[in-house]
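Student: I have a protein model open and would like to learn how to read it. Could you take me through a few features, one at a time?

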Amino acid sequence: MMFCGRMNPRTIALHAGLLLGGLGGLLAQSPPPTLRDVLDVALRRNPDIVAARVRVDSAHGEQRIARAIPNPVVNSAPNQPWQYTVSLPLDLTPQRLFRTRAAARATDAALADAADVVRQVTFSVRQAFSDVLVAEQTRELADERREIFRQLLAADSVRLRSGDLPEREITKAELELARADAELLRASAQVHASRLALQLEMGMAAPDTSFTVTGTLAYQPVTIPEDSLPMLAARRRPDLVAVQERTAQSEAIKRLAATMWIPTPQLTYSYQHGGQFARGDLFTNGSPYALGFGFTLPLFDLSGGEREKGRAGLAAAQLATTRTEAQVATDLATAIDAYHSARALAERYEGGLLDRARAVLETARYAYGTGAISLLELLDAIATWSDTRSAYYTALHDYWISVYAVERAVGMDFTS
């Protein structure tokens, strides 16, 4: 059905609101993103990755410039008779070879730089995602702790009215409940901060504190081929590939500077309107057409500055390669050490330490309800259970971050 004529502005606003509301409802019904979903968004929208791709496009443009054939130059001389000339540089010297080679290596280096940005952003997104999970678990723990003290205060209030409990115990329980409330507020603020940090890595233009994700902090063994890691890192680390390509680029630039004394010849084609060139010449023979040659004579500038600059650039590139190789080895050793310690701690918690702390808490709560233990003993059991769970979540968080750090140090994934 089609409606004609002008619509009331209120009607237009109502229809627009219904449309946007329907879209918002559809978006709200979509499940929270997983780590894979978050990574996909970040790889498309992260500003650092977008900027790296722009630099790759710029390098491609520079490569096209280096490969371009020079345009001919057309001249006319208003003389008696008129002369028209077309000059074309013959760009066939070794300078073209080394110029295009240097531009190609620069493009390869830009591509490796973009891959290195992806490597770094991938680690940052995974770390931020894990931060969100551990922050949400910490808030859940704080909420459970607050509920325990709320139930404790309610039960102790009944015991106080019946005369089975001194008033100082109620005061102590109220103080612990107030601390639990403050701890819950801090945990909620940390959840909001971690969500905003994750959305910033994703390249979201309008971060929202209500943004949620799908995932859990759970221990899962990851197979890492430790004996092959140095070889894999030497071959796969994009920052190392980038400096190696820049060394090759500097070598080409150095050789280009060494050949700049070779002049680029120019071929000239002339036409004389209304007249003829002199007879007996090799390229004219009395016709109105003539061929000529020309080149730059290296008399004053012998390209000494270019050669010195090329040598310095190559030395700097070789130094950067050596430094990056040392950085790769250091990153790998540090990541492996952190992985071993984090895995050992996580496996210890997985051995039943968390269950034992929970059992101690339940036993203490029951014993306190029967009057078998004091409030201080119950508070100690609650603190032990809370600290154990908090340390458990932190250990799982650190374990996965250590796995991601090994992947970053090597330049390849073991978890996907």
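Tutor: Gladly! Let's begin with burial: a residue is buried under 20% relative accessible area, exposed over 50% and partly exposed in between, using a 1.4 Å probe and protein chains only. This is a predicted model, where local features need pLDDT of at least 70, side-chain atom pairs count only at pLDDT 80 or more, and totals for chains, interfaces and linings use all residues. Residues are numbered from 1 along each chain as its sequence is written, and side-chain values use heavy atoms, leaving out hydrogens and water.

Student: What percentage of the 416 residues in the protein is buried?

Tutor: Buried residues account for 36% of the 416.

Student: How do I describe two packed helices?

Tutor: Two packed helices are described by the angle and the distance between their axes. Axes are lines fitted to C-alpha atoms, for helices over the stretch in contact, and angles run from 0 to 180 degrees between N-to-C directions. Take helix 2 (residues 35-45) and helix 3 (residues 47-67): their axes come within 6 Å and cross at roughly 45°. Helix 2 is therefore oblique to helix 3. For angles, under 35 degrees is roughly parallel, over 145 roughly antiparallel, 65 to 115 roughly perpendicular, and the rest oblique.

Student: Which residues of helix 2 and helix 3 make the contact?

Tutor: Contact means heavy atoms within 4.5 Å. Helix 2 contributes Ala-42, Leu-43, Arg-44 and Arg-45, while helix 3 contributes Pro-47, Ile-49, Val-50 and Arg-53.

Student: And what is a nonpolar core?

Tutor: In soluble globular proteins, nonpolar side chains tend to be buried together. A nonpolar core is a set of buried Ala, Val, Leu, Ile, Met, Phe, Trp, Tyr and Cys residues joined through side-chain atoms within 4.5 Å. The largest one here has 57 residues, and Phe-414 is among those with the most contacts inside it. Helix 9 (375-410) is one of the elements giving two or more residues to this core, and its share, 13 residues, is the largest.

Student: Is Ser-130 buried or exposed?

Tutor: Ser-130, found in helix 4, is buried because its relative accessible area is 4%. Leaving aside neighbours within four places in sequence, Ser-130 is in contact with His-397, Ile-401 and Tyr-404.

Definitions and conventions: Helix = DSSP H or I, 4+ residues; strand = E, 2+ residues; numbered from the N terminus.
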